[in-house]
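Welcome! Please open the model in your viewer and get ready to select residues as we go.

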Amino acid sequence: MTSTATAPPFHVMAKPSGAICNLDCTYCFFLSKEMLYPGDRFRMADELLETYVQQLIESSPYPEVTIAWQGGEPTLMGVPFFERAVEHAHRHARPGQSLQFTIQTNGTLLNDRWGEFLSRNGFLVGLSVDGPREMHDAYRVDKKGRGSFDRVMAGLEVLTRHGVDFNVLCTVHAANGDHPVDVYRFFRDELGATFLQFIPIVERTSPELIQIANIGWGSRNTKRPLYTNNGSQVTERSVKPEQWGRFLCGVFDEWVGNDVGDVFVQHFDAALASWLGIEPSLCIFRETCGTAIALEHNGDVYSCDHFVEPDYLLGNIRDTHLSELVTSDRQRSFGEAKRETLPRYCLDCDVRFACNGECPKNRFTQTPDGEPGLNYLCAGYKMFFTHIDGPMRIMADLLRSGREAPEVMDLLRARPG
């Protein structure tokens, strides 16, 4: 199957094992997505693997193609699956086209065979860690409810031993949300991480389902429903708006005082782009979205990784080329709705240029005057973007004048008081 559709730059989060995972993290609502495919074996077939890789490469007119794997837990597929994926990619890549391979993992299944493979093929590994042991193990547990911290650290040791590049993805929730500096210093000083992503846990639910949702979304909750983006309440694990703001501010203050140029935090990179008048690479802060889609194990394509639910199913790559799904009117409307549905409160906001209403999945509260569509995390983001305005202006001015952003640290230290 070929396509003549010209796709804009887009990113695919491919889930070769669907929602299946060896862990049972309490807050992971994606675990419930296995209910979309009852009776399925949740393994991407070899022929579909090649179809996907070929279509992804065909859809990209750019010199570099990123092939990203996520889950569930993608390492459940085993090393041979990814060896075939790499072989397909090199076979279909056009002359002069470079390939970047990434994988997001909980790290618990990594061993030396994985380490050798990931190193040999230049994979960038995203490792899910929620901070020191007590914070990590609060919700990141296995099917028996046991903490996974020691197994994750063993996986990290494999990556380090084999020289595999890694970054840390940390979810922020009730257990670690009040400890920003402790979490940040753990990643920087104990793990040696130099690139960090922080993701706020916001689990939407309804008054009818709140008690069931508070139990968790894993298989240990036999009454769990399919998670969808509905409801105006959140679980007890969810980070609170002001708590999220304080967390980002706390991490920022530690970073801007000590680590600019040495440690990279995704939220701060995106913010600096906004202060420079450049569109950030992080979709949640763009005016529109729709260029980060999700591919399920059976070839189904959804509008977004956060909207893997029936109403947002675009089609299947066995029937329709990936580029046609990405450029479809339906997907375009999905992305433009991010801008078109902003309430007046957001349109008039001083930090709209940096926030743009954040992710649509979190827009389920009301503005002070009762207009729907306000982001649940609004108060936190306003706190954060207001807090960082001074240092961001300094860094933006430094870069515009041909100087380096890390100079901000000395400039801030020289300020009186």
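Here is a short tour of some strands and helices, stop by stop.

**Before we start.** This is a predicted model, in which local features need pLDDT of at least 70 and side-chain atom pairs count only at pLDDT 80 or more, while totals for chains, interfaces and linings use all residues. Residues are numbered from 1 along each chain as its sequence is written, and side-chain values use heavy atoms, with hydrogens and water left out.

**Stop 1: the strands.** Select residues 11–14 for strand S1 and 64–69 for strand S2. The names follow DSSP runs numbered from the N terminus (helices are H or I of at least four residues, strands are E of at least two). S1 and S2 pair in the parallel sense over two bridges; pairing requires that DSSP finds at least two bridges between the strands. Click on Ala 14 and look across to S2, where Trp 69 is its bridge partner.

**Stop 2: the helices between.** Show H1 together with S1 and S2: the three make a right-handed β-α-β unit. Right-handed here means that, with the strands pointing away from the viewer, the path from the first strand over the helix to the second runs clockwise. S2, H2 and S3 make a right-handed unit of this β-α-β kind too.

**Stop 3: H1 against H2.** Select residues 46–58 (H1) and 79–92 (H2), which pack at an angle of about 40 degrees with their axes 9 Å apart. Axes are lines fitted to C-alpha atoms, for helices over the stretch in contact, and angles run from 0 to 180 degrees between N-to-C directions. H1 and H2 are therefore oblique to each other (under 35 degrees counts as roughly parallel, over 145 as roughly antiparallel, 65 to 115 as roughly perpendicular and the rest as oblique).

Which residues of H1 meet H2? Look for Leu 49, Val 53 and Ile 57 among them, with Phe 81, Ala 85 and His 88 among their counterparts in H2; contact means heavy atoms within 4.5 Å.

**Stop 4: H8 and H14.** Finally, select residues 241–258 (H8) and 378–387 (H14), whose axes come within 6 Å and cross at roughly 25 degrees. H8 and H14 are therefore roughly parallel to each other. The contact includes Trp 244, Leu 248 and Phe 252 of H8, and Tyr 381, Met 383 and Phe 384 of H14.
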